[in-house]
Amino acid sequence: GSFSEEMNEDGDYEICLDNRMSSWSDKVVWFEVTVHDPKDDYYDEIYDIESEEMNEMIGRNEDTETMFDMKVEDIKETVHTVRINLGKMKHFQFMQSAAMSKDTHHVISNMDNIDFWSMIYLAMFFVVGFTQVFMVKQLFEDRSFLYKLVSRT
């Protein structure tokens with residue numbers, strides 16, 4: 001699952017992972033902790049936009065605002081919304097890959113069990129087969145213990 005919470009208090013927080021529900025089977029636990037401030041999400045430094053260039057763009061906005069019916073702040077807000085949505089999609093993809101990893105671990109575990117028991121059954125098959133062949137051959141030999149035991153009766 002996924003859990004998101006807005007923390008209103010400063011301090012330390014704890015995460016408790018509990019295994020009381022089922023302690024018999026193996027588990028794969030995957031979690032991610034992200035500290036995110038939505039007010040401070042957009043950084044102009046990432047895109048190498050210096051504050052002088054930004055001020056110049058805002059200054060030129062007066063002329064082009066009427067032509068395009070948009071402000072630089074509107075574009076900045078739209079880019080900010082797109083970045084937040086991309087971050088959410090990336091997080092969702094990580095969560096899906098974690099679920100796939102859990103399923104893959106379960107399949108590998110089942111495959112190991114199948115391989116182990118198949119080898120046990122194969123060994124038993126050969127032991128029983130060789131024992132049967134040996135016993136049948138002993139019935140037809142004159143000097144064998146089984147032949148003497150069966151011929152007395």
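This is a short exchange about how some labels on a predicted model were reached.

Colleague: What are the ground rules for this model?
Modeller: The model is predicted: local features need pLDDT of at least 70, side-chain atom pairs count only at pLDDT 80 or more, and totals for chains, interfaces and linings use all residues. Residues are numbered from 1 along each chain as its sequence is written, and side-chain values use heavy atoms, with hydrogens and water left out.

Colleague: How do you know what span to expect for helix α2?
Modeller: The expected span is 1.5 Å times one less than the number of residues. Helix α2 covers residues 72-140, which is 69 residues. The expected value is 102 Å, and the first-to-last C-alpha distance of 101 Å is close to it.

Colleague: Why is the Trp117 and Tyr121 pair called tilted?
Modeller: Rings of Phe, Tyr and Trp (its six-membered ring) pair if their centres lie within 6.5 Å; planes under 30 degrees apart count as stacked, over 60 as edge-to-face and the rest as tilted. By this rule there are four aromatic pairs. For Trp117 and Tyr121 the centres are 6.3 Å apart and the planes stand at 35°, so the pair is tilted. The two residues are four apart in helix α2, about one helical turn.

Colleague: What makes Phe125 and Phe126 edge-to-face?
Modeller: Their planes are at 65°, and their centres are 5.7 Å apart.

Colleague: Why is Tyr121 called exposed, and Trp117 partly exposed?
Modeller: Buried means under 20% relative accessible area, exposed over 50%, partly exposed in between (1.4 Å probe, protein chains only). Tyr121 has 56%, so it is exposed. Trp117 has 45%, so it is partly exposed. Phe125 is exposed at 60%. Phe126 is partly exposed at 43%.

Colleague: Which residues of α2 are buried?
Modeller: Val72, His80, Met95, Ala98 and Gln138. Across the protein, buried residues make up 7% of the 153 residues.
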